[in-house]
Every structure is written in structure tokens, then in C-alpha cells.
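Hi there,

Here is the model I said I would pass on. My notes follow below it.

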Amino acid sequence: MVSLNLSDALRTQTLSQLGFDYVLTMPDVTINDLNLMAHATKDNNIHAKINQVAQSQADVLIAHYQHLQHAKG
């Protein structure tokens with residue numbers, strides 16, 4: 001069972017009101033947002049989109065990390 005604090009509960013409600021499909025197109029969706037949405041829905045299509053966004057964000061972060069490591073020599 002997932003326990004949400006008030007802040008997370010309000011954030012989840014807001015994400016739901018905006019629509020998960022819409023939120024997943026926003027460039028500033030956070031890992032916390034993805035996690036909250038994943039716990040709030042049972043829709044397999046939304047879960048697939050959450051996974052795609054998470055993978056895309058991970059790819060960007062990995063590329064950034066590799067760039068920093070390369071710059072350090």
C-alpha cells in the first residue's frame with residue numbers, strides 16, 4: 001500500500017485534473033510526478049507512456065553525465 005502525504009495527494013489530484021496524457025507531454029514533468037501518476041492509475045496505456053517519458057529522461061541524464069565525465073578527462 002502506498003501512503004501519500006497531503007502535498008503528494010494534492011499534487012496527484014492536480015495531475016489527474018490536468019489529465020495524465022497532457023501532463024506526460026509537458027517538458028518539465030518530474031520523476032515525482034511520474035511516480036505519483038503510476039500509483040494513481042491502472043491504465044496500461046498511461047503506464048506505457050510513463051515508462052517512455054521516464055526512459056527519455058534517463059537517456060538525457062545519462063548523456064549529460066557522460067558529457068561531464070568526458071569534459072573532466
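Leaving aside neighbours within four places in sequence, which residues is Q57 in contact with? They are V29, I31 and L34, where contact means heavy atoms within 4.5 Å.

Before the rest, a word on conventions. This is a predicted model, so local features need pLDDT of at least 70 and side-chain atom pairs count only at pLDDT 80 or more, while totals for chains, interfaces and linings use all residues. Residues are numbered from 1 along each chain as its sequence is written, and side-chain values use heavy atoms, with hydrogens and water left out.

On confidence, the mean pLDDT of the chain is 92 (pLDDT being the predictor's confidence in each residue, from 0 to 100), and 95% of the residues reach 70 or more. Confidence is highest in helix α2 (residues 20-23), at a mean of 96, and lowest in helix α1 (residues 6-18), at 92.

The fold reads α-α-α-α along the sequence, with four helices and zero strands. Helices (H or I, at least four residues) and strands (E, at least two) are DSSP runs, numbered from the N terminus.

As for overall dimensions, the C-alpha trace spans about 45 × 25 × 20 Å along its principal axes. The radius of gyration is 15 Å, whereas a compact globule of 73 residues would have one near 11 Å. That radius is taken over C-alpha atoms, and the globule rule is 2.2 Å times the number of residues to the power 0.38.

Of the contacts with a separation of 6 or more, 41% are between residues 24 or more positions apart. Buried residues make up 22% of the 73 in the chain; here buried means under 20% relative accessible area, exposed over 50%, and partly exposed in between (1.4 Å probe, protein chains only).

Now back to individual residues:

- Q57 is found in helix α4 (residues 44-72). Q57 counts as buried because its relative accessible area is 19%.
- I62 also lies in helix α4, but I62 is partly exposed, with a relative accessible area of 46%. I62 and L10 are 52 residues apart in sequence, and their C-alpha atoms are 31 Å apart in space.
- T14 belongs to helix α1 and is partly exposed too, at 41% relative accessibility. From T14 to A54 there are 40 residues in sequence and 20 Å in space, C-alpha to C-alpha.

Best wishes
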